[in-house]
Amino acid sequence: MKTPSKLALFIVLVLLIAEAHISVAVTCSAIQLSPCLGAITSNSPPSRLCCSKIREQKPCLCQYLKNPNLRNYVNSPGAKKVARTCGLPYPKC
């Protein structure tokens with residue numbers, strides 16, 4: 001059996017490195033934060049699903065703060081508490 005050529009190994013290595021640097025774009029959709037609604041509007045702690053969704057939507061939070069329909073929820077003390085509880089710093093836009 002032949003050993004792979006150095007060129008083939010180099011190509012595979014480059015492809016693996018390139019794949020590692022590809023990031024998945026987040027689709028900003030405030031509805032994705034619906035699992036957090038109860039924790040934001042009450043004293044209940046956020047669920048794991050809520051924390052997962054808020055981490056997923058983190059790149060979108062500044063966009064939500066600029067939206068007049070969402071600003072009051074995203075900027076509320078409850079939302080700040082949820083972010084803190086989930087270990088996310090509140091965005092500085």
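This is a predicted model: local features need pLDDT of at least 70, side-chain atom pairs count only at pLDDT 80 or more; totals for chains, interfaces and linings use all residues.

Modeller: Now the setting. The chain has six helices and zero strands. Read from the N terminus, the order is α-α-α-α-α-α. The chain has 93 residues, and 24% of them are buried. Its accessible surface is about 7,100 Å², with 63% belonging to carbon and sulfur atoms.

Let us go to α6, which spans residues 77-85. Which residues of α6 are buried? They are Gly78, Ala79, Val82 and Ala83. These four cover an arc of only 140 degrees around the axis, which puts them on the same side of α6. An α-helix has 3.6 residues a turn, so residues three or four places apart point the same way.

What does the buried side of α6 meet? Its buried residues pack against α2, α3 and α5. The face turned away from that side carries exposed residues: Pro77, Arg84 and Thr85.

Stay with Val82 for a moment. Set aside its neighbours within four places in sequence. Val82 then contacts Ala39, Ile40, Pro46, Cys50 and Ile54. Val82 also belongs to the largest nonpolar core, which has 17 residues. Val82 is among the residues with the most contacts inside that core, along with Leu33, Ile40, Ile54, Tyr64 and Cys86.

A disulfide is a covalent bond between the sulfur atoms of two cysteines. The whole structure holds four disulfides. Count the bonded cysteines along the chain, and the pattern is 1-5, 2-3, 4-7, 6-8.

Begin with Cys50, one of the contacts of Val82. Cys50 forms a disulfide with Cys36, and the sulfur atoms are 2.1 Å apart. Cys36 lies in the loop between α1 and α2, and Cys50 lies in helix α3, so the pair ties together parts that are 14 residues apart in sequence. Both cysteines, Cys36 and Cys50, are buried. The torsion about their S-S bond is about 115 degrees, so this disulfide is right-handed.

Next comes Cys86. Its partner is Cys51, with the sulfur atoms 1.9 Å apart. Cys51 sits in helix α3 and Cys86 in the segment after α6, so the pair ties together parts that are 35 residues apart in sequence. Cys51 and Cys86 are both buried. Here the S-S torsion is about -75 degrees, so the disulfide is left-handed.

What happens just after α6? Gly87 takes a positive phi there, of about 80 degrees. Is Gly87 buried or exposed? Gly87 is exposed, with a relative accessible area of 58%.

One more disulfide is worth a visit. Cys28 is joined to Cys60, with an S to S distance of 2.1 Å. Cys28 is in the loop between α1 (6-21) and α2, while Cys60 is in the loop between α3 and α4, so the pair ties together parts that are 32 residues apart in sequence. The torsion about this S-S bond is about -85 degrees, so the disulfide is left-handed. The two ends differ in cover. Cys28 is partly exposed, at 31% relative accessibility. Cys60 is buried, at 0%.

Gln57 is buried, with a relative accessible area of 0%. A polar atom of its side chain lies 3.2 Å from the backbone nitrogen of Ser29. Beyond neighbours within four places in sequence, Gln57 contacts Val26, Thr27, Cys28, Ser29, Gln32, Leu33 and Tyr64. Two of these, Leu33 and Tyr64, bring us back to the core, where they are among the residues with the most contacts.

Technical notes. Residues are numbered from 1 along each chain as its sequence is written. Side-chain values use heavy atoms; hydrogens and water are left out. Helices (H or I, at least four residues) and strands (E, at least two) are DSSP runs, numbered from the N terminus. Buried means under 20% relative accessible area, exposed over 50%, partly exposed in between (1.4 Å probe, protein chains only). Accessible areas come from the Shrake-Rupley method with a 1.4 Å probe; for residues, only the protein chains shown count as cover. A nonpolar core is a set of buried Ala, Val, Leu, Ile, Met, Phe, Trp, Tyr and Cys residues joined through side-chain atoms within 4.5 Å. Contact means heavy atoms within 4.5 Å. A disulfide is a pair of cysteine sulfur atoms within 2.5 Å. The arc is that of the directions from the helix axis to the C-beta atoms. A polar contact is a pair of N or O atoms within 3.5 Å; within protein, one must be able to donate a hydrogen and the other to accept it, and residues adjacent in sequence count only if both atoms are side-chain atoms.
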